[in-house]
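Let's take a friendly walk through this model together. Have the sequence and the 3D view ready as you read.

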Amino acid sequence: PLWPKGTRQRAIDACVTFVTERLNGVDGLGAIYPAMANSVMMFDCLGYPEDHPARALARESVEKLLVVKDDEAYCQPCVSPVWDTALASHAMLEVGGEEAEARAAAGLDEPRIMRTTSSRLVTAITRPSNRCARSRALASSNFERRV
């Protein structure tokens, strides 16, 4: 009510464009649950039908995080092996000891990203500011301090 309709609609359109450009296929917005779930809710709140390509893609990315078994079901926070590798390596560095530290460093020797459907992700991986590089730098600095 306090915002002019034209200004409000331009802001909504800019937000939808921002999110849609970053959906990253079925890997999801940011490849992590909160952003992915928020994108589905955004499309829903804006009245996008379930069969709209962007909304369907956003929903599919969230569904990929669901693990449903006979006796349990849960939602993973992400499916990125890079995050898991970095977190596991960090935990091993915290444990300490030569074997744990060697295994932690070995876990970050090569990128764990085996395939990608997004040219944006390829670009992000090659930049030094990406998560892979930050994780390696963190593990490396922790490793060097301990050695």
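Residues 113-147 keep a pLDDT under 50 (pLDDT is the predictor's confidence in each residue, from 0 to 100). For this stretch the model has 35 contacts beyond four places in sequence, a contact being heavy atoms within 4.5 Å. The protein averages a pLDDT of 75, and 68% of its residues score at least 70.

This is a predicted model, where local features need pLDDT of at least 70 and side-chain atom pairs count only at pLDDT 80 or more, while totals for chains, interfaces and linings use all residues. Residues are numbered from 1 along each chain as its sequence is written, and side-chain values use heavy atoms, leaving out hydrogens and water.

## Overall layout

The protein has seven helices and two strands, following the pattern α-α-α-β-β-α-α-α-α along the sequence. Both are DSSP runs numbered from the N terminus: helices are H or I with at least four residues, strands E with at least two.

Of the 147 residues, 27% count as buried. Buried means under 20% relative accessible area, exposed over 50%, and partly exposed in between (1.4 Å probe, protein chains only).

## The largest nonpolar core

Twelve residues make up the largest nonpolar core, among them Val16, Leu29, Met36 and Phe43. Such a core is a set of buried Ala, Val, Leu, Ile, Met, Phe, Trp, Tyr and Cys residues joined through side-chain atoms within 4.5 Å. Helices H1 (5-21), H2 (33-45) and H3 (53-63) each supply at least two of this core's residues, and H2 gives the most, with four.

Leaving aside neighbours within four places in sequence, Met36 touches residues including Asp27, Leu29, Val62 and Leu65.
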